[in-house]
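Work through the exercises below with the model at hand. Each task is followed by its solution.

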Amino acid sequence: MEKFRAVLDLHLKHHSALGYGLVTLLTAGGERIFSAVVFQCPCSAAWNLPYGLVFLLVPALALFLLCYVLSTRTWRLLTGCCSSARASCGSALRASCVCMQLSAAATLAPLTWVAVALLGGAFYECAASGSAAFAQRLCLGRDRNCAAELPLVPCHEAKASDVQDLLKDLKAQSQVLGWILIAVVIIILLIFTSVIRCLSPVSFLQLKFWKIYLEQEQQILKSKATEHATELAKENIKCFFEGSHPKECNTPSIEEWQQISSLYTFNPKGQYYSMLHKYVNRKEKTHSIRSTEGDTVIPVLGFVDSSGINSTPGL
């Protein structure tokens, strides 16, 4: 039991890092399965290039879009945005900042796919062997039939031995590009993380406290929402079968739900740890809490919007 509790505590404390690690491992494993089982280079001058590029880039695009779909912040931004009740989706600048942050986070899985695919080399070998531009450069000083036989190289069907040896060159190029991509991503990630941490309006320990608060808020919100929904459902079913009038059950209004579901903005004049916290403390002072003078979107605080009623581990 103690071991299980230790594992659960580790998961709760580092669920974001573990989630990214799991996505990376699944993406890398999926690429290996695709290259070994599904991918079959046609070894055709007309098809090698599009076939290789499709396997290299289309799954990356699918993973990029999937990360958008799985992000809680995406649906916080879009849900009800076009309805009459929410005529305004917030300022264009705020929405643009959120979209940029979402895009940056969504690039992890597709870049992992491309990097692992380049290290494997199969997709690049197929695509490059079907490129006329690559053929002119690779076949310089080789057999005169090199350009015609180059598309056959991934299938080991080139008749000239010096042409078949180009497979090693293509694999080396692919792996070098893969390592360069990994290095560039790590450097950019380090710089980006360092910059947003430097611009953080709160200290390191307060960020830790903030995340603990959000976990507890979501746990209690889920528990209370479940209790309230169960009580309301029981009352409605009871009245349906008994033909009686339901007793009054206070439920937040549409406007109240919309306010606490809005994207979080930081205001140095008031330190609120979530939109629910902000709503409870400011609903008597202003009609709306979604847009106040001085509110800004802070990248390092993006985790506030990432916590949803069903997204916190252990709920």
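**Exercise 1: a helix pair**

Helix H3 (residues 48-70) and helix H7 (residues 122-129) pack with their axes 6 Å apart, at an angle of about 150°. Classify the pair and describe the contact of H3 with H7.

The model is predicted: local features need pLDDT of at least 70, side-chain atom pairs count only at pLDDT 80 or more, and totals for chains, interfaces and linings use all residues. Residues are numbered from 1 along each chain as its sequence is written, and side-chain values use heavy atoms, with hydrogens and water left out.

Step 1. Angles over 145 degrees count as roughly antiparallel, so H3 is roughly antiparallel to H7.

Step 2. The contact (heavy atoms within 4.5 Å) involves Asn48, Leu49, Tyr51, Gly52, Leu53, Phe55 and Leu56 of H3, and Phe123, Cys126, Ala127 and Ser129 of H7.

Step 3. By class, these residues are eight nonpolar, three polar and no charged.

**Exercise 2: a second pair**

Step 1. Helix H13 (residues 254-261) packs with helix H14 (residues 275-282) at about 125°, the axes being 7 Å apart.

Step 2. Glu256, Gln259 and Ile260 of H13 meet Met275, Leu276 and Tyr279 of H14. This contact has four nonpolar, one polar and one charged residues.

**Exercise 3: helix length**

Compare the span of helix H11 (residues 166-198) with expectation.

Step 1. At 1.5 Å a residue, its 33 residues should span 48 Å.

Step 2. The end C-alpha atoms of H11 are 48 Å apart, which agrees.

Definitions and conventions. Axes are lines fitted to C-alpha atoms, for helices over the stretch in contact, and angles run from 0 to 180 degrees between N-to-C directions. Helices (H or I, at least four residues) and strands (E, at least two) are DSSP runs, numbered from the N terminus. Angles under 35 degrees count as roughly parallel, over 145 as roughly antiparallel, 65 to 115 as roughly perpendicular and the rest as oblique. Ala, Val, Leu, Ile, Met, Phe, Trp, Tyr, Cys and Pro count as nonpolar, Asp, Glu, Lys and Arg as charged, and the others, Gly among them, as polar. The expected span of a helix is 1.5 Å times one less than its number of residues.
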